[in-house]
Amino acid sequence: MTKKEEILRIFPDSLKPRWEQALMQVDKLQEIRLAIGRPVRVFLSGRERFLSDKGLTDYNCQDIWCITEKEMDEILQNVCRHSLYAFENEIRQGFLTVQGGHRIGVAGQVILNGDGTVRNISHIRFMNIRVSHEVLGAADGVMDCLYENASFFNTLIIAPPGCGKTTLLRDIVRQVSEGNIYAPGKQVGVVDERSEIAGSFMGIPQNNVGMRTDVLDGCPKIQGMMLLMRSMAPAVVAVDEIGSCEDMKALSQILKCGSSVLATIHGNSMEDVHKFMYMERSGQDGRGEYRPEMIFDRYIFLEKKAGICTVRKILDGHGNVISAKRAV
């Protein structure tokens, strides 16, 4: 199935014709934003466009499509195969993953349990369809810095949102799993809490994460890391978007079991890594119990300029620059 067909399957038959022209550029399509009573917004290569009966247009067009409540409900029912109950677990987490690894974020009225946890999201009035794009070879420019004597360095990828952290992580996972010129293939375990790395649909990865990779889809990171260690014995464990002392404690446990770790975090600098991950805890020294230098051997910093994601620098475990700018 082509990517265009995968995106079209999200919409009921009555709405498919509206998307034919927009999906002619599906390789540039990043997001589709839907909100009841508001214009349908389409993002192509970072540029915001709108949709009319005639296809893509600019905001000053007279016939911009504003999605109705009925149309939104039809899309949701179509995605959930007319059984919202069957997808209640995914909806409660705020997103659904469809065939092809495309992720549909949802928002609306939140219903809480007695303990304050989310029981469900009803009256869904907003959707963000994020189109999955694999970039095979995205990690080619960094792999030489991630090995020593065929051993994989514990690696942290740091970047602001939208700079390609997950894309780079996914391709590193693939190359470590498949094997490369620096080492034979290794068993990799991925904890895919938000279904963004493997993009699993009904448990089957839609993205190429390598033949030696096992995936725990939709599982919280901390529990998932321990589950993988007990059940699948990975040589490398990969997780996306860490950000707490509890995450670091789990990563430390992974290292004690003899596995390597690969992770990402939001930020721009080493100061951000400390700020977001090791803020002061009661009774501790303000740096946290698990400092980054206790865990990681490599730090990859990403940035985006003129719409292109690049590696700004790579540091070793002591903070020394071992590589300057590289393409992703």
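A charge sits over a ring if NZ of Lys or CZ of Arg is within 6 Å of the ring centre and within 35 degrees of the ring normal. The model is predicted: local features need pLDDT of at least 70, side-chain atom pairs count only at pLDDT 80 or more, and totals for chains, interfaces and linings use all residues. Residues are numbered from 1 along each chain as its sequence is written, and side-chain values use heavy atoms, with hydrogens and water left out.

**View 1. Arginines over phenylalanine rings.**
Arg298 lies over the face of Phe153. The distance to the ring centre is 3.9 Å. Arg103 has its charged end over the ring of Phe95, 4.7 Å from the centre.

**View 2. An aromatic cluster of Phe11, Trp19 and Trp65.**
Rings of Phe, Tyr and Trp (its six-membered ring) pair if their centres lie within 6.5 Å; planes under 30 degrees apart count as stacked, over 60 as edge-to-face and the rest as tilted. The whole structure holds 5 aromatic pairs. One of them, Phe11 with Trp19, is stacked: 4.6 Å centre to centre, with 20 degrees between the planes. Phe11 is buried, because its relative accessible area is 0%. Trp19 also counts as buried, at 0% relative accessibility. Buried means under 20% relative accessible area, exposed over 50%, and partly exposed in between (1.4 Å probe, protein chains only).

**View 3. Polar contacts of Thr213.**
Thr213 belongs to strand 12 (residues 213-217). Strands (E, at least two residues) and helices (H or I, at least four) are DSSP runs, numbered from the N terminus. At 12% relative accessibility, Thr213 is buried. Its side chain makes a polar contact with the side chain of Ser177, at 3.1 Å. A polar contact is a pair of N or O atoms within 3.5 Å; within protein, one must be able to donate a hydrogen and the other to accept it, and residues adjacent in sequence count only if both atoms are side-chain atoms. A polar atom of the Thr213 side chain also lies 2.5 Å from the backbone oxygen of Val209.

**View 4. The loop at Gly317.**
Gly317 lies in the loop between strand 16 (308-316) and strand 17 (321-323). Gly317 is partly exposed, because its relative accessible area is 22%. Ile295 is 22 residues away from Gly317 along the chain, and their C-alpha atoms are separated by 8.5 Å.
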